[in-house]
Structure formats: C-alpha cells, structure tokens
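Here is a short briefing on a protein model, arranged by topic. Please keep the structure in view while reading.

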Amino acid sequence: MKHYKGIVAVAAASLLALTACSGGNSASADKSASASASASTEAAAPVELNVFAAASLNKAFPEIADTVLKESDPNIKVTFNFQGSSTLVDQIKEGAPADVFASADQKNMTKASDAKLVDSPKPFASNVLTLIVPKGNPAKITGLDSSLDGKKLVVCAQGVPCGNATKQLADKLGVTLNPVSEEQKVTDVRAKVESGEADAGLVYATDAKAAGDKVEVVEIARANEVVNSYPIALTVSTKNKEAGQKFIDAVLSEKGQAVLKKYGFSAPTSADKG
C-alpha cells in the first residue's frame, strides 16, 4: 500500500508540474498573440495625407484617390482642400499642413517654388476657358460681344488662375469685360450661373462639363489659344513624403489620366512636358 501511495504522489507531482508548464506556455502564447495583434493594428493605422488642390479638381481628384490610389495603397486617407490656387499658396505660406499642392496654372506654382514651399513640380493636365449661361440662355448671350452689355457677367478675380486666363483671352480678342462680380474660385462662378444669379460666366471647360444640363455653353473664339497648365508637387514641409508621392504617381498614371480626361481635362501640352 505504501508503494502505491508513493506512485500516486509522484504522478500528482508530475501532473502539477505539467499543468504549471502548460499554463506558462499559454500565457506566453497569449502575450505573443497580443503583441502580434498590436503590431498588426499599428501597421493598419491610416496615413493622413492633406492635398491642397485647385477648385476645378474637386471631382477628379477624389475619384483618383478612391480608385487609383486605393489600388496601390489602401492605407492612405486623403483629405482635400479645394480653393483658388492663389489662396492655397497663401495658406501654405502661413503654415497650413499641406503635403501635396496642385495648381490650376504655372504662375501660382512658380510662386510656391520661389518661396521654397514645394519641390520638383510636374505638369499633369491642362484646361481652357469657355462661356456658360443658365439653361435656356434667357439673356440671349452670343459670346464675348455686345450681347453682354447691361447683362450680369461673372468671372474669376485676377491672381486666380481662371482670372488670369480671362484677362489673357480678353486681351487676345481686344474686348473689355465689365463683370458684376469677380470670384476667388471658378466653382463659385459656375454656381452663380447655375442658380441664375448671373447671366453668363467664364469658367473652365471642365466646370461646364461638371454643371451638366444646368447650363449651356456659348462658344468663344480663340479660347484654345489660352491654355492653363496644371502642375503638382510635394510640399517641402510634408511629413508624409512617401504617401504624397504615391498620390502624385496615381495622378500621373494612365488610370489617373483617364479619370482626368473623363472630367474634361486635357493632357499636359508638349511645352509643359519639356
């Protein structure tokens, strides 16, 4: 009997040791799984990217981010700031947290470059002006001519890319425009025509397309002689250079260019390319 009790005691001790060992391994495994999950969560944390872009890009750029960029890196979350390009340059100068800047003309990108706010701009699209009127053309506008006399014309302010292009076009045609309002964003010009607040407005061809059947287009002579080039660049202050470059690459890619074309943008001109 004593021998039997000894065997039982040894067996119990062995079982206790085995249980303790097993418990230790379990705790270790739990810690390992927890660490792995934590590392996975950290890896999946989205990269916040701030893109400052010309107002006329407010349809094309979000689509590029949601489709083209997401294919290459679904972990990048893009926040857009769409304003007139000159306003965006001022905001970046004042320290606004921008990672990427896309301008609707070379002039404002040059201002940003001269101020050492951006690095290595690249052209990605071009645009031209057109004249839009409310659906039905109630004011009977026929172009940049005498039909505008006494009518409510809205344009972009000088300094804004579409405003600079408006002045160039008026000079080419030898006409003097008398707008009732000058806006800081081309989308504001479009909105006033869409609502009927204005009888006519000078906007980009892309804005006319975006307005759809809310407006009608009135052809302008020699409009294709004034072309705005759109450049894009990383800001010098960005802390997300890799993510910013991925967004720029998405814009420049074949798929990105197809999205821009869908919204009425033209490819960069040969002069822009080099």
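Thr235 is buried, because its relative accessible area is 3%, and buried means under 20%. The model is a predicted one.

**Thr235**
- Thr235 belongs to strand 9, which covers residues 227-235.
- Beyond its neighbours within four places in sequence, Thr235 is in contact with Ile92, Ala98, Asp99, Val100, Phe101, Leu117 and Val118.

**The largest pocket**
- The volume of the largest pocket is about 200 Å³.
- Its lining is made up of 14 residues, and those nearest the centre are Gln158, Thr166, Lys167, Leu177 and Glu182.
- Strand 5 (153-156) and helix 5 (161-173) are the elements that give two or more residues to this lining.
- Helix 5 gives the most, with five residues.
- By type, the lining residues of the largest pocket are seven nonpolar, four polar and three charged.

**Helix 9**
- Helix 9 spans residues 254-262, and its buried residues are Gly256, Val259 and Leu260.
- The buried residues of helix 9 pack against helix 2 (60-72), strand 4 (118-134) and helix 8 (241-252).
- On the face of helix 9 turned away from the buried side are the exposed residues Glu254 and Lys261.

How values were computed
Residues are numbered from 1 along each chain as its sequence is written. This is a predicted model: local features need pLDDT of at least 70, side-chain atom pairs count only at pLDDT 80 or more; totals for chains, interfaces and linings use all residues. Side-chain values use heavy atoms; hydrogens and water are left out. Helices (H or I, at least four residues) and strands (E, at least two) are DSSP runs, numbered from the N terminus. Buried means under 20% relative accessible area, exposed over 50%, partly exposed in between (1.4 Å probe, protein chains only). Contact means heavy atoms within 4.5 Å. On a 1 Å grid over the protein atoms alone, a cavity is a set of points where a 1.4 Å probe fits but cannot get out, and a pocket is an open set with protein on both sides within 12 Å along at least five of seven lines; lining residues have an atom within 4 Å of a point. Grid points are joined across faces, edges and corners, and a volume is the space filled by probe spheres set on the points. Ala, Val, Leu, Ile, Met, Phe, Trp, Tyr, Cys and Pro count as nonpolar, Asp, Glu, Lys and Arg as charged, and the others, Gly among them, as polar.
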